Amino acid sequence: MIIGALLLLGLFKFPLWNIMLGAPQYPDPLGMNIYIDGIQGVSEFDLQNIDGLNHYIGMKTIPKAHEMWEFSMFPKVIFGMAMLGVIIGLLGYFGKISYKYFLGWFLFMSVLGILGMYDFNNWLVDYGGNLDPHAIIKVTKPDGTPMSYKPPLIGFKKLLNFDVTSLPHAGGYLMFIGMSLTLVAFWLGRKTSLKKTT
Amino acid sequence: MKNLIKSTLTVLGVLVAFTSCNNSGNSGKKSGALASNVAEKVYVAPGEYDSHYAFLSGGYSGNVTVYGLPSGRMFKEIPVFSQFPTSGYGYSEETKPMLNTSHGFIPWGDAHHPDISQSKGELDGRWLFINENNTPRIARLSLTTFETEEIIEVPNSAGNHSSSFVTENTEYVVAGTRFSVPIPQRDMPIKDYKGNFKGALSFISVDPEEGHMDIKFQILMPGFNYDLSHPGRGKSHGWFFFTTYNTEEASTLLEVNASQNDKDFIAAINWKKIEEYVNNGGGTMMPANYAHNVYDEETHTATSTMKKEVRVVNPAEVPGAVYFIPTPKSPHGCDVDPSGEYIVGNGKLSANLTVHSFTKMLDAIENEKFAGEAYGIPILNFEDVLAGVVEQPGLGPLHTEFDGKGNAYTTFFISSEVVKWKLGTWEVVDRKPTYYSVGHLTIPGGNSGKPQGKYMFAMNKITKDRYLPTGPEMEHSAQLYDISGDKMELLLDFPTHGEPHYAAAMEAGIIKAQSQKIYKLADNKHPYAAKSDDDTKVVREGKEVHIYMTTIRSHFSPDNIEGVKVGDKVYFHVTNLEQDFDVPHGFAVIGQNNSELLVMPGQTKTSVWEPKQVGVWPFYCTDFCSALHQEMQGYIRVSAADSDTPIKWSLGEDIE
């Protein structure tokens with residue numbers, strides 16, 4: 001449980017998510033790493049170059065850390081959840097509280113995670129669809145509605161000449177492993193307590 | 001699928017090879033050895049890389065061309081000694097100082113012998129040096145930016161031909177004089193050449209960190225012609241060897257008068273001894289006037305400084321530093337094998353190839369076995385120093401390179417062939433024709449202690465029927481051979497640009513990894529750089545108008561400019577804001593008596609325009625930079641000289 005919760009702290013060092021954009025002219029794809037406290041380019045000038053390309057289709061520039069409340073809130077939430085997990089873990093270890101709190105933490109974290117994903121997706125929708133009406137290149141779908149350049153939340157999508165791949169990154173995987181470990185902790189706790197009762 | 005394409009193309013390649021072989025008649029049949037796998041050996045599939053870089057001198061183009069081996073594809077022309085309108089080199093305000101000399105601005109040069117910098121006797125891929133023969137200069141090119149970074153003029157020299165070869169730790173790049181001259185230059189009868197003219201051998205120190213060049217000393221040698229040179233290496237590190245001809249000291253009809261002596265000399269210079277002499281205050285500072293031009297990567301600007309003195313050394317005053325080794329018949333190439341033991345004198349009018357022994361030379365010097373002296377310089381006995389003779393290998397030997405496996409390869413201009421022979425036994429083991437009249441040859445790492453085998457290419461002076469004819473003037477031709485087996489195998493013909501006297505080549509790894517993609521805008525210290533659209537402005541200073549302009553896909557900022565008048569001198573300072581690999585922008589304005597600018601990401605370049613007519617004149621981006629390249633344009637309004645149109649500029653809105 002404690003290890004699982006501490007793995008969340010990996011998010012402070014490693015990106016949660018990664019979006020890569022490859023195209024014929026970009027054999028070395030451009031990429032952005034999404035950290036809980038901001039977005040950084042995979043290579044030094046990737047963000048500048050993505051913004052440079054996006055201006056043709058009227059997308060807003062990639063937000064700086066101070067332009068989105070999420071980037072100041074997420075680190076606090078993650079740190080808080082990690083600490084809460086450690087406390088629950090310690091109390092559980094010393095038998096002060098039931099193993100069921102482990103599951104509680106997991107469920108709470110899952111809800112927060114889903115909310116986070118929902119928020120992230122909303123941002124992607126806005127980022128990809130809320131375009132400058134004076135955009136240089138305006139592409140419409142066959143039904144006449146403006147094309148959205150929303151990157152996929154997870155997986156692969158073709159956007160004009162770009163192949164866009166969006167996947168969790170190291171920090172994200174550490175979080176998933178951590179959360180799984182808390183489930184394991186819950187299961188172990190349950191097994192032990194069942195043995196005791198029999 | 002990839003394999004299918006590859007094999008199909010290979011088959012096509014082979015068919016083409018055979019077809020062209022049949023079409024080229026006699027010369028093709030002579031090459032004969034086109035085995036069925038030859039096409040595969042030079043085929044580099046689309047998107048794949050060559051294994052070697054080759055830097056070929058552009059000869060009278062004044063520049064350097066970059067090729068890939070084994071494909072023979074040209075990747076880039078790097079301007080060095082000649083103006084290059086493609087990029088604006090020698091036209092832009094920043095690069096004009098690169099071509100400054102004691103004779104003023106010179107738009108052209110004759111580039112000869114490139115050499116890659118070395119550490120511990122191996123190529124380190126940091127810099128490329130190359131000499132200019134006509135107005136003696138040495139240039140240093142960066143092999144991270146592939147740009148010319150520095151040019152130093154060599155005073156007291158003429159026909160800067162036995163240059164620009166580096167010692168095994170790039171302590172020095174060395175430049176010798178082919179045409180001896182009065183030193184110092186003065187008004188005197190030409191017929192008084194003998195005994196009065198001198199040949200300067202210049203040792204130019206190279207700063208180990210930045211590469212900056214400085215003439216440490218010049219040895220004022222007798223008035224012979226110092227034709228080519230190479231450094232000692234390994235055991236002979238600390239020595240430098242120069243071939244000489246015209247030891248007759250003729251000043252007219254040299255083709256006859258300089259061919260009379262049975263033997264000329266190889267001058268053996270113990271530069272470590274002279275360095276020590278100079279470090280202890282030896283030699284004299286002599287008044288001189290020569291340009292030292294340095295390009296700064298951060299200001300993107302070159303500065304030219306005139307240097308006013310140079311240290312000269314009289315070789316007769318440094319005992320034990322200089323010796324003459326008799327070598328038959330006007331030797332041309334002077335080549336030292338990877339171990340440093342053998343010094344090959346390619347006597348161009350001799351039937352045999354002479355090889356001297358460094359060990360024997362030291363022995364003769366120690367025992368003071370001298371045959372005489374010339375101008376106070378001891379002459380050794382030919383027989384005492386001789387290591388061996390390659391008997392009757394061909395006609396007109398010029399240059400020799402080594403494969404590091406005990407073999408030497410010598411070019412023969414007159415019999416038009418490359419001959420492979422063994423060091424030590426001096427036996428000829430193979431010969432292959434070249435097309436035609438080969439000058440230099442290059443083995444990657446050839447001038448180093450560690451040649452990188454596998455390939456050798458011959459650079460020929462005469463092309464004739466090798467390619468589709470292009471009128472009287474043809475590019476020269478080169479042939480690539482595989483030298484990994486016992487016998488040389490002709491792989492490829494490829495045209496070369498200008499006259500590639502010599503080339504330096506090396507395995508691609510080091511250079512490929514360090515090749516720079518962009519210049520960082522944050523590091524740009526150009527005094528007229530505009531690093532964002534907010535920095536753009538137009539400033540009038542009397543008759544000069546400075547336009548601080550930026551480019552980014554796909555606009556100039558500003559793109560509307562007013563207030564310029566006829567008679568003004570307009571400076572377009574163009575900064576490319578891009579920080580993306582291979583996204584240059586170009587700049588040209590109508591009626592400009594100048595070249596275009598090609599501005600790399602993060603770089604600032606300046607073009608001067610002196611408008612002579614009233615009107616509204618467009619400028620535009622010359623490099624198809626983006627989908628909206630055709631929209632990348634602007635207007636500059638030119639008013640009458642006595643008008644009072646105020647200076648104004650804008651982007652995206654009308655000038656108010």
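1. In this predicted model, strand S23 of chain B, residues 353–357, is joined to S26(B) by four bridges, and the two strands run antiparallel.

2. The loop between H6 and strand S24 (370–374) of chain B contains B:Glu368. B:Glu368 is not a glycine, yet has a positive phi of about 50°. B:Glu368 counts as exposed because it has 8 C-beta neighbours inside 10 Å, and the cut-off for that class is 12 or fewer.

3. B:Asn246 is placed in the loop between strand S16 (239–245) and helix H4 (254–257) of chain B. Is B:Asn246 buried or exposed? B:Asn246 is buried, because 25 other C-beta atoms lie within 10 Å.

4. Chain A contributes an open sheet of five strands in the order S3-S2-S1-S5-S4, with antiparallel pairing. The edge positions are taken by strand S3 (38–41) and strand S4 (155–159) of chain A, each of which pairs on one side only. From one strand to the next, the twist averages 20°.

5. Within the chain A sheet, strand S1 (residues 17–23) and strand S5 (residues 162–168) pair in the antiparallel sense over six bridges. The bridge partner of A:Met20 in S5(A) is A:Thr165. Helix H2 of chain A, residues 46–54, packs on the sheet and touches S1, strand S2 (26–35) and S3 of chain A. The directions of H2 and S2(A) make an angle of about 105°.

6. Five residues come from chain A and five residues from chain B. On the side of chain A that touches chain B, two residues are nonpolar, three are polar and none is charged.

7. Strand S31 of chain B, residues 438–442, is mostly covered, with five of its five residues buried. Three bridges connect S31(B) with strand S32 (residues 455–460) of chain B in an antiparallel arrangement. B:Thr442 has B:Phe457 in S32(B) as its bridge partner.

8. The bond from B:Tyr435 to B:Tyr436 is cis, with omega near -15°, and B:Tyr436 is in the loop between strand S30 (428–433) and S31 of chain B. The bond joining B:Ser557 and B:Pro558 is also cis, with omega about -5°. B:Pro558 is in the loop between strand S38 (555–557) and strand S39 (560–565) of chain B.

9. The last point concerns B:Phe624, found in the loop between strand S44 (615–620) and strand S45 (633–639) of chain B. Why does B:Phe624 count as exposed? B:Phe624 has 10 C-beta neighbours inside 10 Å, and 12 or fewer is the limit for exposed residues. From C-alpha to C-alpha, B:Phe624 and B:Pro584 are 8.9 Å apart in space, and they are 40 residues apart in sequence.

Conventions
Residues are numbered from 1 along each chain as its sequence is written. Chains are lettered from A and ligands numbered from 1 in the order in which they are written. This is a predicted model: local features need pLDDT of at least 70, side-chain atom pairs count only at pLDDT 80 or more; totals for chains, interfaces and linings use all residues. Two strands pair if DSSP finds at least two bridges between them. A residue is buried if 20 or more other C-beta atoms lie within 10 Å of its own, exposed if 12 or fewer, and partly exposed in between; C-beta atoms are placed from the backbone. Two residues are in contact if their C-beta atoms, placed from the backbone, lie within 7 Å. Ala, Val, Leu, Ile, Met, Phe, Trp, Tyr, Cys and Pro count as nonpolar, Asp, Glu, Lys and Arg as charged, and the others, Gly among them, as polar. Axes are lines fitted to C-alpha atoms, for helices over the stretch in contact, and angles run from 0 to 180 degrees between N-to-C directions.
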